[in-house]
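Here is a short briefing on one protein model. Please keep the sequence and the structure open while reading.

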Amino acid sequence: MEKGNIYKRILMMLIGNVILGTGAGMLRAADFGVDPYQCFVLGIDKALKLGYGTTFVIVNAVFLVLMLVLARKMLNVGTLVNMFFLGYIIDFSYSVCMGITPSPSVIVRVVYFIVSILLITFSSAVIYTADMGVSTYDWIALKTAEVQKKVSFKWCRVGTDLVCVIIGLIFSIIPGIGTIVTAFLLGPLVSFFRTYCSEPFLYGRNKETQ
């Protein structure tokens, strides 16, 4: 597999995670419903009451064990960066947004929501393309698409996101309109940004994506 410049890939992985956490925190501030994985983690945190950042690490540790068994080749330094730092970046981003706009108007919330979706999907595409290790959640859709071939990544991602929403609902986290929208949009938008942004940037040309 063509890897591209190692330094560029490391930079893409680091910046991608910062942008991802910023977008996820902004999505929480928009208050139209968090993304599907946050919905899942918030549900677990509601039961454990340890704080989102800490619960995020614990949940990802469980997924890491599964990843070691089922998708070891997708594990790399980026997996650990995502696992140990992303939850805290999300908390920080959310705090900054709420500090700037303690009582955001509907218009501000809509702006937060739109920008957050673009940041989350763009950064996810950057992280996948960097190939320095995906998150302990993202590997599930990627591995599914790789193994069965008949369903593209974007639809595998829609499936895993819907499962997260259902589990969050079981733990009394009521999904908002934003949660439902992101469950259906994240996969297709990530695929779009991989094809037209992150892969051309790393490889210098368009490559087919799943």
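L66 lies in helix α3, residues 52-70; helices (H or I, at least four residues) and strands (E, at least two) are DSSP runs, numbered from the N terminus. This is a predicted model: local features need pLDDT of at least 70, side-chain atom pairs count only at pLDDT 80 or more, and totals for chains, interfaces and linings use all residues. Residues are numbered from 1 along each chain as its sequence is written, and side-chain values use heavy atoms, with hydrogens and water left out.

- L66 counts as partly exposed because its relative accessibility is 41%. Buried means under 20% relative accessible area, exposed over 50%, and partly exposed in between (1.4 Å probe, protein chains only).
- Leaving aside neighbours within four places in sequence, L66 is in contact with A71 and W139. Contact means heavy atoms within 4.5 Å.
- L66 and T121 are 55 residues apart along the chain, and their C-alpha atoms are separated by 24 Å.

**S93 in helix α4**
- S93 sits in helix α4, which covers residues 77-100.
- S93 counts as buried, because its relative accessibility is 7%.
- Setting aside neighbours within four places in sequence, S93 is in contact with G21, T22, G25 and M26.

**Helix α5 and its end**
- Helix α5 covers residues 106-130 and has 25 residues.
- From first C-alpha to last, α5 reaches 36 Å, close to the 36 Å expected at 1.5 Å a residue. The expected span is 1.5 Å times one less than the number of residues.
- Just after α5, D131 takes a positive phi of about 55°.

**Whole chain**
- The protein chain has eight helices and zero strands. Its pattern along the sequence is α-α-α-α-α-α-α-α.
- The radius of gyration is 16 Å, close to the 17 Å that the globule rule gives for 210 residues, so the chain is as compact as a globular protein of that length. The radius is taken over C-alpha atoms, and the rule is 2.2 Å times the number of residues to the power 0.38.
- The C-alpha atoms fill a box of roughly 45 × 35 × 30 Å along the principal axes.
- Buried residues make up 49% of the 210 residues.
- Among contacts between residues at least 6 apart in sequence, 74% join residues at least 24 apart.

**Surface**
- The accessible surface of the protein chain comes to about 10100 Å², and 72% of it belongs to carbon and sulfur atoms. Areas come from the Shrake-Rupley method with a 1.4 Å probe; for residues, only the protein chains shown count as cover.
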